[in-house]
Amino acid sequence: MLTIASRCWLCQCPLHLAVQGICSVCLSHLPVAPPCCPRCGLPSSGGHHDCGRCLQKPPPWDAMVFATPYEPPVSGLVLRLKSSRFPEPDTALARLLLLRWLERYRGNTLRRPDVILSVPLHRQRYAWRGFNQSELLARPLARWLHCEYLPGALSRDRQTTSQQSLTERERKWNLRKAFTCHTRLRGKHVMLLDDVVTTGSTVREIGKILRNQGVASLQIACICRTLQT
């Protein structure tokens, strides 16, 4: 008898391989992002070169890759991953990101990372939730990309207000001095992974820290990117 693990997370049709998580039909019907800046991930007329925003004020990373825009049905799976005590969609979502990453990599717009880091949770939130959703996504991705995952490299030292209700300016102040890097990463090509990037305030704050560490390159990876900030 088929179990939920051997059915597509979106349409519930049986899967030939349970690890796929999402069937080929659903994959072909996922939301497609418009042409986006390869660096910040926001809509851009070119799509192959840094947008005007990035040229005027470059973010502290070199590239951003995301699986889909923050829209249904994938946004629903991300919410399920974050809110459930049994985060089963993690491997399926990580695979979505892998497919998109490979597409960019084969187009020579991404470098294979040496190290993957995940955006950390504060210890109190981690204890309440029981897991870090970004960590669950990072582990299989590091295995598939044959690179090192360092779960303890970053820490969130200060319990911050939820970002969802804040403006972009408030988000920046909310995250000031909230993170610490505990690992020497000078000369490393690094991927920083989060589940969703909205304004980019979180990854920007961590990106500054990693740049000060002297990383050779930094790419941001996420399942969903909010395209209207």
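Modeller: Residues are classed as buried under 20% relative accessible area, exposed over 50%, and partly exposed in between (1.4 Å probe, protein chains only). Please note that this is a predicted model, in which local features need pLDDT of at least 70 and side-chain atom pairs count only at pLDDT 80 or more, while totals for chains, interfaces and linings use all residues. Residues are numbered from 1 along each chain as its sequence is written, and side-chain values use heavy atoms, with hydrogens and water left out.

Biologist: Which side chain meets that of D62 in a salt bridge?

Modeller: Side chains of opposite charge can pair when their charged atoms come close. The criterion for a salt bridge is a side-chain nitrogen of Lys or Arg within 4 Å of a carboxyl oxygen of Asp or Glu. Here D62 pairs with R211 at 2.8 Å, N to O. Because D62 lies in the loop between α2 (52-56) and β1 while R211 belongs to helix α8 (residues 201-213), the pair ties together parts that are 149 residues apart in sequence. R211 is itself partly exposed, at 27% relative accessible area. Helices (H or I, at least four residues) and strands (E, at least two) are DSSP runs, numbered from the N terminus.

Biologist: How many salt bridges does a search of the whole structure find?

Modeller: The search finds five. One of them joins K82 and D195, at 3.4 Å from N to O. K82 lies in helix α3 and D195 in strand β6 (residues 189-197), so this pair ties together parts that are 113 residues apart in sequence. K82 is partly exposed at 25% relative accessibility, whereas D195 is buried at 4%.

Biologist: How far apart are the closest N and O atoms of R139 and E135?

Modeller: They are 2.9 Å apart, in a salt bridge. R139 and E135 are four residues apart in helix α6, which means that about one helical turn separates them. R139 is partly exposed at 42% relative accessibility, while E135 is buried at 17%.

Biologist: How should I read contacts, and what is C181 in contact with, leaving aside its neighbours within four places in sequence?

Modeller: Contact means heavy atoms within 4.5 Å. Apart from those neighbours, C181 touches A153, L154, I209, L210 and Q213. C181 is found in strand β5 and is buried, with a relative accessible area of 13%. C181 and R156 are 25 residues apart in sequence, with 9.2 Å between their C-alpha atoms. In the protein chain, 70% of the contacts with a separation of 6 or more are between residues 24 or more positions apart.

Biologist: What should I note about the backbone, and which residues does a cis peptide bond join?

Modeller: The cis bond joins P72 and P73, with omega of about 5 degrees. P73 is in the loop between β1 (63-69) and α3 (74-83). H146 lies in the loop between α6 (133-145) and β3 (148-149) and counts as exposed, at 73% relative accessibility. Q12, likewise not a glycine, has a positive phi of about 70 degrees. Q12 is found in the segment before α1 (24-28).
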